[in-house]
Amino acid sequence: MVTSSLFPHLDQRSRNPFRLGLLLLVLSLVGLAGLHQLGPLVTVAGLGVPLLFWLYLWQSDLLHDLPAPALAMTSGLGAALGVGWVVLTGGFVARSYGIPMAAGFVLQHLIGVGLAISVGGALLMVLPAVAVRLLRTSEARESLDGFVIGALGALSFTGAATLTRLAPQFTAGLIDNVRPTRLMLEAGLYGITIPLTATAAGGLIGMMLWFR
């Protein structure tokens, strides 16, 4: 089950509201995409899963069990890295579309740029957990506490990156004429797939760092 992997500190009964929350998130993304409401769609896609994770921290008392400096550093550093990475790499992606050469070379260049950006983003995504562990701002000793710190840093990174990447939609309207089905696919990618993948990757790294 997705919820038992995302929220491992909760028992079966306590996970039911979070299952409902994930379902409402999916329905909201589909509905907003179908109605072509780009502003709310971007907001829900960027903040939906991170907000659920913060509610999980509150519900499971992890906000009191884990040191506040560790949580603040993890979320703040993750968000800052996410914004900085999108701002830095956005220009590279834009320029890569304007290469006046053969289509094959352009495609090869785009694949190379996309791969480099993806790998670089994945490394930066887990950096907050590594920084917290090295600086020893957390006295947590359980692997599941490491999961929380790693997942929180990764979710902060992806949430901030998604909002920064899609922020121009609020004013520029670059995808006003895109079909609703395409918007649904993009919403599922940015609002569900990327956050869940980030949680799994960041949580795994955190568990490894805190494993004893």
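**Figure 1. Buried residues of helix H7 in the predicted model.** Helix H7 spans residues 127–135, and its buried residues (under 20% relative accessible area; exposed means over 50%, partly exposed in between, with a 1.4 Å probe and protein chains only) are Pro128, Ala129, Ala131, Val132 and Arg133. Just after H7, Arg136 adopts a positive phi of about 55°. Helices are DSSP runs of H or I with at least four residues, strands are runs of E with at least two, and both are numbered from the N terminus. This is a predicted model, in which local features need pLDDT of at least 70 and side-chain atom pairs count only at pLDDT 80 or more, while totals for chains, interfaces and linings use all residues. Residues are numbered from 1 along each chain as its sequence is written, and side-chain values use heavy atoms, with hydrogens and water left out.

**Figure 2. The salt bridge between Glu186 and Arg182.** The structure holds 1 salt bridge (a side-chain nitrogen of Lys or Arg within 4 Å of a carboxyl oxygen of Asp or Glu). The closest N and O atoms of Glu186 and Arg182 are 3.1 Å apart. Because the two residues are 4 residues apart in helix H9 (residues 180–210), about one helical turn separates Glu186 from Arg182. Glu186 is partly exposed at a relative accessible area of 27%, and Arg182 is also partly exposed, at 46%.

**Figure 3. A nonpolar surface patch with residues from helix H3.** Leu51, Trp54, Leu55, Trp58 and Leu63 form the patch, with about 490 Å² of accessible area together. Patches consist of residues with over 30% relative accessible area and no salt bridge, like charges being joined within 9 Å and nonpolar side chains (Val, Leu, Ile, Met, Phe, Trp, Tyr) within 5 Å. Accessible areas come from the Shrake-Rupley method with a 1.4 Å probe, and for residues only the protein chains shown count as cover. Helix H3 (residues 38–59) gives the most to this patch, with 4 residues. Trp58 lies in H3 and counts as exposed at 53% relative accessibility.

**Figure 4. Packing of helices H3 and H9.** The two helices pack at an angle of about 20°, with their axes 7 Å apart; axes are lines fitted to C-alpha atoms, for helices over the stretch in contact, and angles run from 0 to 180 degrees between N-to-C directions. H3 is therefore roughly parallel to H9, a term for angles under 35 degrees. The crossing of H3 and H9 is right-handed, the near helix being turned clockwise from the far one by less than a right angle.

Technical notes. Parallel < 35°, antiparallel > 145°, perpendicular 65-115°, else oblique.
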